[in-house]
Amino acid sequence: MRRSSSKNGHRSSLFNQDDKQVSPTSTPEMPLNTTAWPVKIFQLPFFPRPLNHLNILHYIEDLILKLNKAISAVSPDDSSLLARYFYLRGLINMQNSKRLDALSDFQNLYKTDIGVFPRELVKTLVHSLQKEERVQVEERCELRRLICQVKSKEKREQMECDNHVKKFQLPKAPMQLEEFVKCIQESGIVRDVATIQRLFEALNAGGQKQIVPELFRMFYKFWKETEAEAQDVLLPAEVLERLDSNECVYKLSRSVKTSYGVGKIAMTQKRIFLLTTGSPGYVDITKFRDIEEVKISAPVRILRNSSLKIKNSLRDEIFEANLKSECELWNLMVKEMWAGRMMADNNKDPQYVQQALTNVLLMDAVVGCLQTQKSVCAASKLAYHEKLRQEVPVIIPRDTAWTLKHKINPSQNMMNPQSVDVLFYSPGQLTFPDSDVDVNPKLWCGLGCGKVVVFDAASWSLKQNCIHLGDSRLNCMMGLDQDQVWIGSEDSVIYIINTRSMLCHKQLTEHRGELTDFTLEKLSPESRSSRAQVYSCSADGTVIVWDVPSLKVKRQFHLSCDRLQSIQIHNGALWCGARDCIMMLKPNGDQLWKIHLPDKMKATANFFNRVTLFPERQQIWTSFTDFAELCIWDFNDPVKPPKRLKLPNCKGVTCMIKVKKQVWIGCGGGSGLSKVVGKILVLDSESLEVEKELEAHEDSVQVLFSVEDRYVLSGSAKLEGRIAIWRVD
């Protein structure tokens, strides 16, 4: 919002008014050589004379009345202009000591344009509230929520400030595990807590259960020196031609005798090779995925050192290197990289290699700083992937290996794995007027810590590290056209993310309970989402109908049930799933019929979990968290007892979706030596037979999402915290 300036360049005065009448909002003429961005001018009321307190009060009242009229005249579609009016009125109310009215205006920015929300100003305003005003705030839900958000944000920013402003300093006192974790994270060496715990054990070879400053200083010094040496490795052009473009040498041995000649053994994230001093310069030893065996051969004579032997599955000859004192360390490092490569290939997840590489570099630093006979034994505590390879047989069932396309880790830059609770796929845009707009499809991942991570779905590379939406679990997600993603949170807020800016620019705060689901209803068959309405539901039984353009509540109603979990719309009717019942409703909330849990099943199954509609078969499929059975109901005769279907090798259903003529079911299972806990059963909806049993995750399957019926995405709980991409037959 701005005032126009006079032609002679002097500032316009409130006292100088043209005789010409100007409408409350008008669009000024734009120069021909500038971009025609729409600019709205708000005409201030005439300022009366003389300048005294009473006239100033009258002026402020007139200004607020004029703003009220302007706000009521703005189209609901123009949320950006509405936000500017609310902002201006909030400033005026604040200056007029109407602090609660000012907070209410700033609260409206959450629904119109949170990008102009004056956080510092609101923080000051909140701190200036008088005692009687704080009492009134408690009676107004929207203001109470606003103040809670401001204080929560302030606390979080203070914690982040404490973490980032503080420069890393070497410790001056012995550190227990908790202090050591914090110190390593601040140093930037590694963030993953589990890896740091293993490093603590490795450095604690003497069993003191603490790290003394001198030991940490030596470890840190060795780590930085090794890092610098790796960056200084200069490879000849003929060697670089043999490597992939993204390959780097991370470890280089001293010059040693090998069965392939004399040279230095180099390790990248993909292979090991011999860097010879003369021609040919590069001799390939093996890629990690081609290794068949790694072992140390015992010395035959007293003066002979042990040697490292590596068998490549593609060759007959065995590579042997006399690494002398480095032999045991190289044996450990090669095995860890080999195990990481095997896990990456088996799980279709390249990040296992990166994790193995981190372990290898930490092993090298531990051996370098300890320099004792038991240093390699201590470093072996970091050989996490090799330990898994030895403990658990790597047997991937044929159906799983064939159906699994890829795995990705949304928690890769976080301290701990996070539960993947909700997924959404937004298709790419073939044409867009702005050339700088990213047109690739995106995968949106809602995590249990209240963060959203975004991947480029064309390359599965991390696009947006983190969009922070509070600290609560995210439960549901829905896209509107190519412009917005709506996200429902456990904290009862609907967050609206702009897909171009990748920022949360609006929030809807009318719900009072945990958000559980959305559904979109288009008001005409070919309409865009701007001619649509959204139904949102919360666990307390509230259903709110939103007008999409204005984000205003069209109507709301309350359902009497135990935890409302889902809402769908089909043929003009609402289908709502709760823990104790399934309901079919009219759009206004009037009940058409209700299904309850059969009495015969109450002894074994306590609650409904998921509801899936099969309109073409006139069926409703329901599942249970604590019972390995499905109930299939008849659309037309809900009173009729359901068909019951037992699920094999399953302890209970966590999620269920329809994909073509199949039903994909996420469930808990696993037995024997397998680490798999989360399984996916693929059922044929006609024969009701299990077509595939997929070993999906090391923790329960939290969410399933169908991508255009071509792929299914599954997300796991926080023990693993990964996303799997599966092919659909």
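Modeller: Start with tryptophan 593: skipping neighbours within four places in sequence, its contacts (heavy atoms within 4.5 Å) are Trp575, Ile582, Met583, Met584, Ile620, Phe635 and Pro638. Bear in mind that this is a predicted model, where local features need pLDDT of at least 70, side-chain atom pairs count only at pLDDT 80 or more, and totals for chains, interfaces and linings use all residues. Residues are numbered from 1 along each chain as its sequence is written, and side-chain values use heavy atoms, with hydrogens and water left out.

Colleague: Why is tryptophan 593 called buried?

Modeller: Buried means under 20% relative accessible area, with exposed over 50% and partly exposed in between (1.4 Å probe, protein chains only). Tryptophan 593 comes out at 16%, so it is buried.

Colleague: What makes asparagine 52 a cap for α1?

Modeller: A side-chain oxygen of asparagine 52 sits 3.3 Å from the backbone nitrogen of leucine 54, at the N-terminal end of α1. A polar contact is a pair of N or O atoms within 3.5 Å; within protein, one must be able to donate a hydrogen and the other to accept it, and residues adjacent in sequence count only if both atoms are side-chain atoms.

Colleague: How do you know that the length of α1 is close to the expected one?

Modeller: The expected span is 1.5 Å times one less than the number of residues. With 21 residues (53-73), α1 is expected to span 30 Å and reaches 31 Å from its first C-alpha to its last. Its buried residues include Tyr59, Leu63 and Leu67.

Key: Helices (H or I, at least four residues) and strands (E, at least two) are DSSP runs, numbered from the N terminus.
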